[in-house]
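Here are a few notes to read alongside the model. Please have the sequence and the 3D view open as you go.

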Amino acid sequence: MELIGKDTNIDFIGKRKLALIVSFTLIVIGILSLFVRGLNFGIEFTGGTLVEVAYDQPVQIAEVRAQLADAGQNDAVVQYFGTTRDVSIRLPAADESSTAQISTETLQALRAPFKEVLAEKTDGGEQQCMRDGQGPVACKVQMRRIEFIGPQFGEELAENGGLAMLAALFLIMLYVAFRFEWKFSIGSVAALGHDVLIAIGIFSIFQLEFTQPVLAALLAVIGYSLNDTIVVFDRIRENFRKMRKGAPVEIMNQSINQTLRRTVLTSVTTLLVLFALFFLGGEVIRGFAVALIIGVIIGTYSSIFVASPIVLMLGLSREDMLLVKKEGADQEQILP
Amino acid sequence: MNRNPLWKYVIIAAVIIPGFLYALPNLYGEDPGVHVAGVGSFTTDEDTLRQIERALAEQNTAPIRTTLDATGIQMRFADTETQLKAKDVVQAELGDDYTVALSLLPSTPNWLADLGGAPMYLGLDLRGGVHFLMEVDVEGAIKAAEERYVADLRSILRESKVRYLTIRRSAQGGIEIKFRDELQRDQGREEILDELSQLKLVDDEREGKPFIVASLREEAVEEIKSFALQQNMTSLRNRVDELGVAEPVVQQQGDRRIVVQLPGVQDTAKAKEILGRTATLEIKLVDEEHDLESAIRGSVPAGSRLYRHRNGSQILLKKPLIYSGHNIVDAAAGRDQLSGTAVVHITLDSRGAEINQRVTGENVGRRMAVVFVEERSETKLDEAGRPVVNDQGEVVKTRKRIEEVITAPVIREQLGKRFQIEGLDSSEEAQDLALLLRAGALATPIDIIEERTIGPSLGRDNINQGFRSVLIGFSLVLIFMLIYYRLFGVVACTALVLNLVLIVSVLSLLQATLTLPGVAGIVLTVGMAVDANVLIFERIREEIRNGNTPQASIHVGYDKAFGTILDANFTTLIAAIVLFSIGSGPVKGFAVTLSIGILTSMFTAIFGTRALINLMYGGRRVRKLAI
């Protein structure tokens, strides 16, 4: 079976101006949005408390909010997630002194109306409560998840995340410069920066929650998108050596066309599993899957339309490729 | 053409067979179990095991299997009912010196367990539990140390009759000593250097008066930091023991943080309360004038009290407090320089030293006891072990003071600032004692800076969802590959299944923690692992289109794709390693499975598929490939 015709010959490089305009516009919109709306950071980065509970029957948000206000938690953000029985409560880090004790108070406030308190663990499945001194019975308010991040620790995580991103880009740049050539190195890193900027821009525009798993996903996108780019670069290098004639533009076009089937196929299989994660992986994984889906799509686009044109614009010539020939030669010996 | 030498098949078999073997434990379920571990100096050994087994046999709750290892005793039971009964029986038999916890134990068959096989270690997000990241207040500890030095400096200068005007700790850190004149300063400097080698002294001149600015040396600061951390680790370990959790984790992270993981714990309020508790030490004299036996029988003399010793015996102490743990600056295990036996070196602050000198001088030949004191607030339970609730629906808490004598050595001579406790049996005993002394000494405040609690129902959901998304994602890719590449698709799918088995077995072997993001990493690897095969197969198709023979196409396809695959995977590996080294908790889990997946997929997608294809097509005439 074939998804794409046998011998495609699309002039990808010829459309580089259009591609650059599209990319540039997307990046500018993204950056503008970052300045205007910022990112909707999860509590991992801002510090604060998240409590997720499941009730045994549907509840009203207003009711929950009132119960929390009674307990002095006025700035709680209460939302449904999934069903009307599942409620998430977010409390911003009020000041430096906010502690892990807050989540305990939140849970107590939610359980107070049912006059229930947590009993010693008796069952692995559900939390058992004492209600009105009777029990133990399954709690009406089941704690699903608590997350607390101290305000300073949040800042630290955000810093580390940014650092990780830069370190990954730098190391990749070194590796590509070592394996290929500096023009390729710049082209690939520019494409990666492009992917990350647009992905973050989309997270800002739609105010999707930016959490630690999302950050991890963006780093995985760097790896994935690079994968695509390297495959194209590899073919460009090979074709430069093989074809004695032909301008760099033609060789690049041909290389992209030759690898196009693989590029599309791999994106399809990866997207297949990512959609499985998106629909079935649950709440925690969903943001992660979204970031990867966005990243894979942009990464595929950039490895075709962004990476190679940049290498071309840096003035790649046949001479640049001759230097690397030796490495190709010793590769033959380690083949299976 | 396209025939593999035998050694290549041998290598593949050498990877696949152990791969399947070590993935196997994951297919067995879990048995309800009970975990027994000793508290403090109590350890579990063959005798404990026999004692437990006898007690269980009497109550008709015999376990189906028991194991004894460094972490304690594990018992497996046929069903949950027996497990619950057995827990009560064991707890009643052993008393408070042992923690008895319910747990789920993998039911790996003996022969597999003997080979080192074990199922994957599930993270807290998959099985429920509490994760705390705690930070030790290092700045506070340094400040407190400087304040102690202020007192020390005062007494040193006073004793050596050096005239100083003021000594105070400056707000930015460091201690400023103001002298009357240069002569006094020179004298003072000499005296201080003699006594306190941990201080760095710098001369200064302000408003015409000579100053010395003293600050802690780099090594001294490092020592205070590691002391504060060790001390907190010890007390956290002791308290975690008391929570009765199977497989708790207390681990150092960086130079000022401690990770505490409590699998299966649901009551985070209680966990926080217990971990946040503070302990102190009290030093008292042993009452040797009165008879211990009669005191145990009930006639405790006025002015004295009966205490429990850590070794299980009773001891009679005089009530007045000599000095407390706040006066202990350091406690370290070591060896006596002359006899070479294990000792614990103790250093007191100046106030403690003063008192120590006086009291020990008056009591040479008598015994001095160190009492470990901890305030606990506990939920009041009724006879059935359920929490008692008051009229407002609140749980009734009772405060309990735990006091335990940890050592009671004889005073051989008048002691001062530094002294040692001798007569310890082994260096392990010295280590234990030093740790306990530190745990109760000047407590450095510790804060929870991160909490991640996963309720039991969410843990279960996460496992189900994770498992389902792997299954569905995996099947989708398999179907796609089968349709797209036909026979070669079958080969790619075989490699993919093999890859999954290898990932699972590597994770099981390493006992790396599998988290939900880790599961996502596996799913992602599945999607990306086919990439290598797509690259190879597309290359083969291309060669066929270029008019090459099927055999040559296979050969060239693998040859040319290899370098590309290597480069592509290596760069992804770079990203994964960066993630692992810089990321925290959830991110790390993802990085681990991604890295393992990349490595195993290279093996299966290149060597594995080549071997299969060579087996099918190698060494014969082929007119057409089913690709």
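1. Let's begin with the contacts. In chain A, 73% of the contacts between residues at least 6 apart in sequence join residues at least 24 apart; two residues are in contact if their C-beta atoms, placed from the backbone, lie within 7 Å. This is a predicted model, in which local features need pLDDT of at least 70, side-chain atom pairs count only at pLDDT 80 or more, and totals for chains, interfaces and linings use all residues. Residues are numbered from 1 along each chain as its sequence is written, while chains are lettered from A and ligands numbered from 1 in the order in which they are written.

2. Of the 336 residues in chain A, 48% are buried (20 or more other C-beta atoms within 10 Å of the residue's own). Chain A has 12 helices and 9 strands (DSSP runs, H or I of at least four residues and E of at least two, numbered from the N terminus).

3. Domain 1 of chain A covers 13-42 + 152-327, and domain 2 covers 48-149; these bounds come from an automatic or database domain assignment. Their centres, taken over C-alpha atoms, are 42 Å apart.

4. Now for the two chains together. Helix 8 of chain A (residues 248-280) packs against helix 13 of chain B (residues 456-510) at about 155 degrees, with axes 8 Å apart (lines fitted to C-alpha atoms over the stretch in contact, with angles from 0 to 180 degrees between N-to-C directions). Helix 8 of chain A and helix 13 of chain B are therefore roughly antiparallel (angles over 145 degrees).

Definitions and conventions
Parallel < 35°, antiparallel > 145°, perpendicular 65-115°, else oblique. Buried ≥ 20, exposed ≤ 12 C-beta atoms within 10 Å, placed from the backbone.
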